[in-house]
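Subject: Structure handover

Hi,

Here is the structure I promised to pass on. Please open it first, then read my notes below alongside it.

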Amino acid sequence: MHPRRNVNQWFYSCVCEWMVWNIWFAIWCLIWFGRTMASHIVGYPRMGPKRELKFALESFWDGKSSAEDLQKVASDLRASIWKQMTDAGIKYIPSNTFSYYDQVLDTTAMLGAVPARYGWTGGEIGFDTFFSMARGNASVPAMEMTKWFDTN
């Protein structure tokens, strides 16, 4: 018999045995622990099923809505996302995955690493400063955007 065929047969038998043991272990876990496995996800799309956050942000940036309107849309969206995950049977629902703009900008604001050119003097960082850092305004340019690991 050809040596390559022996290797293929050996590999196939190892894969099959591995699959049988994994199935046996999963069944054993279900019987031993007497429950189903818990589910978890890392994050969830934050724009909304009809891109509600995108439209609320654009309306706020154009001056057609207030900061309270934007916060209301964001709050309702977070609550509906949490409800969707709960209804789907996800046991461990992630928190702090929401962002108005970008997680890197959120971290910058959380750490208070606001460049002096934005005139922030401490305390809470408001939407004006937050979005000026991201998009710039008439008096100051936006912060530099760095592409890490050649991603887009």
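One definition before the rest: two residues are in contact when they have heavy atoms within 4.5 Å of each other. Keep in mind that this is a predicted model.

**Overall**

The chain has five helices and zero strands. From the N terminus, the order is α-α-α-α-α. There are 152 residues, and 21% of them count as buried. The accessible surface is about 11900 Å². Carbon and sulfur atoms hold 61% of that surface. Among contacts with a separation of 6 or more, 58% join residues 24 or more positions apart.

**Helix α3**

Start with α3, residues 67-87. This helix has 21 residues. From first C-alpha to last it reaches 30 Å, close to the 30 Å expected at 1.5 Å a residue.

Which residues of α3 are buried? They are Leu70, Ala74, Leu77, Ile81 and Met85. These residues are on the same side of α3, because they cover an arc of only 70° around the axis. The spacing fits a general rule. An α-helix has 3.6 residues a turn, so residues three or four places apart point the same way.

The other side of α3 has Glu68, Lys83 and Asp87, which are exposed. The cut-off for exposed is over 50% relative accessible area, and for buried it is under 20%.

What do the buried residues of α3 pack against? Their partners are α2 (52-61) and α5 (127-135). After α3 comes Gly89, with a positive phi near 90°.

**Helix α2**

In α2, the buried residues are Leu53, Ala56, Leu57 and Phe60. They line one face of the helix, because they fall within an arc of 100° seen down the axis. The cover over these residues includes α3 and α5. Just after α2 sits Gly63, again with a positive phi, here about 80°.

**The core**

The largest nonpolar core has 23 residues. Seven of its members touch the most others: Leu53, Leu70, Phe98, Tyr100, Phe127, Phe130 and Phe131. The elements giving two or more residues to this core are α2, α3, α4 and α5. In soluble globular proteins, nonpolar side chains tend to be buried together.

Take a look at Phe127. Leaving out residues up to four places away in sequence, Phe127 touches Phe60, Ala67, Leu70, Gln71, Tyr100 and Ser132. Of these, Phe60 is one of the buried residues of α2, and Leu70 is one of the buried residues of α3.

Thr108 is in helix α4. Is Thr108 buried or exposed? Thr108 counts as buried, because its relative accessibility is 15%. Beyond its neighbours within four places in sequence, Thr108 is in contact with Ala113, Met133 and Met143.

Arg117 lies in the loop between α4 (103-111) and α5. At 43% relative accessibility, Arg117 counts as partly exposed. Its side chain makes a polar contact with the side chain of Tyr118, at 3.2 Å. Setting aside residues up to four places away, Arg117 touches Val140, Pro141, Ala142 and Met143. Ser139 is 22 residues from Arg117 along the chain, and their C-alpha atoms are separated by 9.3 Å.

Best wishes

Key
Residues are numbered from 1 along each chain as its sequence is written. Side-chain values use heavy atoms; hydrogens and water are left out. Helices (H or I, at least four residues) and strands (E, at least two) are DSSP runs, numbered from the N terminus. The expected span of a helix is 1.5 Å times one less than its number of residues. Buried means under 20% relative accessible area, exposed over 50%, partly exposed in between (1.4 Å probe, protein chains only). The arc is that of the directions from the helix axis to the C-beta atoms. Accessible areas come from the Shrake-Rupley method with a 1.4 Å probe; for residues, only the protein chains shown count as cover. A polar contact is a pair of N or O atoms within 3.5 Å; within protein, one must be able to donate a hydrogen and the other to accept it, and residues adjacent in sequence count only if both atoms are side-chain atoms. A nonpolar core is a set of buried Ala, Val, Leu, Ile, Met, Phe, Trp, Tyr and Cys residues joined through side-chain atoms within 4.5 Å.
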